[in-house]
Every structure is written in C-alpha cells, then in structure tokens.
Amino acid sequence: MPPVYDQPDDGTPYPYVTIASRITADERSFSTRRDRGFTYLSVWSEYPGQAEVHQILAGIDAALDGRRLALETGRMLRI
C-alpha cells in the first residue's frame, strides 16, 4: 500500500494517494440526525496505463472491507 498524504512535498516518489476532498451532508428527519460524509482520494502513479492505480484502489478496498472504524462519537452505518 503506498503512503497517503494530505499534501505531498514536491518530489514525493510515486505511487502515492492524496486526500482530495471531503464533503459532508447533514441529513435530518423527524426522529434522527445523520451526517453523511464522502471522502475522495486521488491515486498518483507514473506507471503507463491504469493497472497500478486499479491495484492500489483494490488494496484500499480490501483494507477497509468489513472493518470497524473507531469513532469518537456516533456510529458508522456504512462504508
């Protein structure tokens, strides 16, 4: 798994992943309040084609699949 950066330094060797953006939406109803969040990742690679990017994305998916994430408050419904 390559390193993940918020903002990599110039000259950071490829491949790596950056946190591109995060969007949250407050979903209120009569009886509940849920915050829905989306985090977008960018995969950076110098490999020709998309094979390395797809391999990295598969690794991220495998690392998160079925894992319980620690939260300070609230609960995770779906990832």
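Tyr5, Tyr14, Tyr16 and Trp44 form one aromatic cluster. The model is predicted: local features need pLDDT of at least 70, side-chain atom pairs count only at pLDDT 80 or more, and totals for chains, interfaces and linings use all residues. Residues are numbered from 1 along each chain as its sequence is written, and side-chain values use heavy atoms, with hydrogens and water left out.

A pair of aromatic rings is described by the distance of the centres and the angle of the planes. Rings of Phe, Tyr and Trp (its six-membered ring) pair if their centres lie within 6.5 Å; planes under 30 degrees apart count as stacked, over 60 as edge-to-face and the rest as tilted. In one of them, the ring centres of tyrosine 5 and tyrosine 16 are 5.8 Å apart and the planes stand at 80°, so the pair is edge-to-face. Tyrosine 5 belongs to strand E1 and tyrosine 16 to strand E2, so this pair ties together parts that are eleven residues apart in sequence. Strands (E, at least two residues) and helices (H or I, at least four) are DSSP runs, numbered from the N terminus.

Tyrosine 16 is buried, at 8% relative accessibility. Buried means under 20% relative accessible area, exposed over 50%, and partly exposed in between (1.4 Å probe, protein chains only). The rings of tyrosine 16 and tryptophan 44 have centres 6.3 Å apart and planes at 25°, so this pair is stacked. Tryptophan 44 lies in strand E3 (residues 33-44) and tyrosine 16 in strand E2, so the pair ties together parts that are 28 residues apart in sequence. Tryptophan 44 is partly exposed at 39%. Tyrosine 5 is also partly exposed, at 29%.

Threonine 18 is placed in strand E2 (residues 16-28). Its relative accessible area is 8%, so threonine 18 is buried. Beyond its neighbours within four places in sequence, threonine 18 contacts Tyr5, Pro8, Tyr40, Leu41, Ser42 and Trp44. Contact means heavy atoms within 4.5 Å.

Helix H1 covers residues 51-64 and includes valine 53. H1 has 14 residues and reaches 20 Å from its first C-alpha to its last, close to the 20 Å expected at 1.5 Å a residue. The expected span is 1.5 Å times one less than the number of residues. Glycine 66 follows H1 and has a positive phi, near 75°. Valine 53 is partly exposed, at 22% relative accessibility. Not counting residues up to four places away in sequence, valine 53 touches Val43 and Ser45. The C-alpha atoms of valine 53 and valine 43 are separated by 6.2 Å, ten residues apart along the chain.
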